[in-house]
Every structure is written in C-alpha cells, then in structure tokens.
Amino acid sequence: MVDLEKYYGELDAIKLIEVIESGKEYKPEVFQYCKKRVSEMNLPIETIKSYATDIIKKRFYEYFTKGKYLSNEPINLESYYLFKKEVKKCFNESKAKFIQNRNSMTQNLNI
C-alpha cells in the first residue's frame, strides 16, 4: 500500500485537482485521497472549476502542440469537476489558441 500522506499530503489544491483530472494515470485510492483532501479544503466550487478549467485547457493544448491530433490518438474528454459542455468549450478554446499561435509563427515564412 502506498503511503498517500507521504506522496500527496503536501500538495496544494491545484496539484490535487491536476491528479484528479488526469484521467486513469493513478490508482483509485490516489483519486479518493485527493478528492478527500480537496473537499477538506472547503474551496468554493467556482475556484475548483477555475482550476479544473485551466488544467483541462492545458491538456488539450498539449494534445495539439505535441501533434497527437495528427496520429488520431484518442483524446481524454473526461473531467471530474466540469460538465461535458464546459469540457468542449475548453477544447475549442485550446484549439483556437493553438491555431492562432501556429498562424502567428508561420505568417512571415516564404514557403
């Protein structure tokens, strides 16, 4: 059994939510421990959703910047704290940011 307090006891709210929103990278007991820690912090739901939104946007942005969309690699659309509609909004905003950044980096290239 993993000493959850040792490895996850000092994490702040953002890092705990990052673990929770990560998907299936951790064992179920780690998720439960992190969820319990976040609930003990008594954070407003708006704060939790704000952190989760930033984490999900980062996940999607990395999906585009690392070229995973080119290989048809499946994308994780799951979120513990956000509704599907909110997750889709994060996806669309991350995609738009990626396209905008790519276009601004390549606009002066003469190809």
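Tutor: Asparagine 42, which follows H3, has a positive phi, near 50°. The model is predicted, so local features need pLDDT of at least 70 and side-chain atom pairs count only at pLDDT 80 or more, while totals for chains, interfaces and linings use all residues. Residues are numbered from 1 along each chain as its sequence is written, and side-chain values use heavy atoms, with hydrogens and water left out.

Student: What makes H3 a helix of 13 residues, and what span is expected of H3?

Tutor: Helices are DSSP runs of H or I with at least four residues, numbered from the N terminus. H3 covers residues 28–40, and its first and last C-alpha atoms are 18 Å apart, close to the 18 Å expected at 1.5 Å a residue. The expected span is 1.5 Å times one less than the number of residues.

Student: Why is isoleucine 17 called buried?

Tutor: Buried means under 20% relative accessible area, exposed means over 50%, and partly exposed lies in between (1.4 Å probe, protein chains only). Isoleucine 17 has a relative accessible area of 0%, and is therefore buried. This residue belongs to helix H2.

Student: Which residues does isoleucine 17 contact, apart from its neighbours within four places in sequence?

Tutor: Contact means heavy atoms within 4.5 Å. With those neighbours left aside, isoleucine 17 touches Val38, Ile48, Tyr51, Ala52, Ile55 and Tyr81.

Student: How do you know on which side of H3 its buried residues lie?

Tutor: The buried residues of H3 are Val30, Phe31, Tyr33, Cys34, Arg37 and Val38. They cover an arc of only 165° around the axis, so they lie on the same side of H3. The arc is taken from the directions from the helix axis to the C-beta atoms. These residues pack against helix H1 (4–8), helix H2 (13–21) and helix H4 (45–65).

Student: What do the buried residues of H4 pack against?

Tutor: They pack against H2, H3 and H5. Among the buried residues of H4 are Ile48, Ala52, Ile55 and Phe60.

Student: Why is H4 called oblique to H5?

Tutor: The axes of H4 and helix H5 (residues 84–106) come within 8 Å and cross at roughly 45°. That angle makes H4 oblique to H5. Angles under 35 degrees count as roughly parallel, over 145 as roughly antiparallel, 65 to 115 as roughly perpendicular, and the rest as oblique.

Notes: Helix = DSSP H or I, 4+ residues; strand = E, 2+ residues; numbered from the N terminus. Axes fitted to C-alpha atoms, helices over the stretch in contact; angles between N-to-C directions.
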